Amino acid sequence: MTAMVKAEGVHKSFGAVEVLKGIDLEVAPREVFCLIGPSGSGKSTFLRCINHLDKISAGRLSVDGELVGYRQKGDKLYELKDSEVALKRRDIGMVFQRFNLFPHMTAIENVMEAPVQVRGEAKAVARARAERLLDRVGLADKAGNYPSQLSGGQQQRVAIARALAMEPKLMLFDEPTSALDPELVGDVLDVMRGLAEDGMTMIVVTHEMGFAREVGDSLVFMDGGVVVESGNPRDVLTNPQHDRTKAFLSKVL
Ligand code: ADP
Ligand code: MG
């Protein structure tokens with residue numbers, strides 16, 4: 001089976017600073033892959049590389065069997081043009097800590113925007129899907145609300161619906177609940193749990209260890225740009241092998 005994401009010796013430097021120092025990992029289709037680690041360990045950078053927002057400095061990174069950023073012809077590699085990168089990115093949904101909804105558009109208009117503007121879909125088709133997606137994230141009754149009329153948790157659920165509207169094969173979540181008031185976190189995690197149950201392949205950077213334990217299929221602990229430890233979330237969380245993992249978990253658990 002082709003891995004949905006495969007990283008082999010992935011390095012990333014910004015100038016003289018090496019942020020990713022050789023990441024090896026594999027995410028299988030339909031897997032919920034959780035990524036944890038202290039601030040500055042390179043988690044966001046890794047997600048950004050998967051989504052063509054940052055370019056790796058060395059190694060190999062592929063999504064669904066295709067190298068990120070390159071087209072292979074025979075044994076030669078050609079850098080993708082911007083238009084080709086844009087096409088690839090359509091297949092990947094990303095949800096950030098900050099929801100970044102378009103403030104001048106209602107919830108449903110936010111969800112319809114990409115299919116209509118990027119894919120040229122008919123508005124009626126996009127609207128029907130957006131209604132289904134808002135229903136799926138529990139916000140059918142908020143379709144006409146502007147972001148300023150929604151709570152942070154509701155805005156984040158609209159952001160998830162917006163990412164799903166492009167029917168991605170992979171969803172990347174970068175600390176999706178970190179900016180939320182505690183009482184709003186559960187609804188967002190429930191939506192993510194539902195997505196996992198529906199078989200979506202997800203990479204989730206999170207400090208929500210309960211979610212990682214219950215929903216995650218794999219857990220990776222990153223520190224200083226390397227994978228320190230990985231495995232079944234329950235094993236890693238209850239029986240960490242490395243001192244760095246133990247030290248980190250003692251602070252967040
Ligand atoms: P995490 O998400 O685990 O907190 P990041 O991937 O955001 O970590 O950052 C890892 C390191 O890379 C940090 O030291 C950060 O300052 C640095 N970094 C991230 N993006 C850039 C950039 N565009 N230019 C320079 N340094 C960066
Ligand atoms: Mg980050």
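1. A residue counts as part of a pocket's lining when one of its atoms lies within 4 Å of a point of that pocket, and strands are DSSP runs of E, at least two residues long, numbered from the N terminus. In this predicted model, strand 4 gives the most to the lining of the second largest pocket, namely four residues.

2. That second largest pocket holds about 310 Å³ of space, and of the 18 residues that line it, K55, I56, V68, G69 and Y70 are the closest to its centre. Strand 4 (58-63) and strand 7 (76-79) each supply at least two residues of this lining, which divides by class into ten nonpolar, four polar and four charged residues.

3. The largest pocket has a volume of about 560 Å³, and its lining comprises 24 residues, of which R89, I92, M94, A114 and R162 lie nearest its centre. At least two lining residues come from each of helix 2 (82-89), strand 8 (92-95), helix 3 (107-117) and helix 5 (152-164), while the classes represented are 14 nonpolar, five polar and five charged residues.

4. For L134, leaving aside residues up to four places away in sequence, the residues touched are A107, I108, V111, L139, A140, A143, V158 and A161.

Note on methods. Residues are numbered from 1 along each chain as its sequence is written. Chains are lettered from A and ligands numbered from 1 in the order in which they are written. This is a predicted model: local features need pLDDT of at least 70, side-chain atom pairs count only at pLDDT 80 or more; totals for chains, interfaces and linings use all residues. Side-chain values use heavy atoms; hydrogens and water are left out. Contact means heavy atoms within 4.5 Å. On a 1 Å grid over the protein atoms alone, a cavity is a set of points where a 1.4 Å probe fits but cannot get out, and a pocket is an open set with protein on both sides within 12 Å along at least five of seven lines; lining residues have an atom within 4 Å of a point. Grid points are joined across faces, edges and corners, and a volume is the space filled by probe spheres set on the points. Ala, Val, Leu, Ile, Met, Phe, Trp, Tyr, Cys and Pro count as nonpolar, Asp, Glu, Lys and Arg as charged, and the others, Gly among them, as polar.
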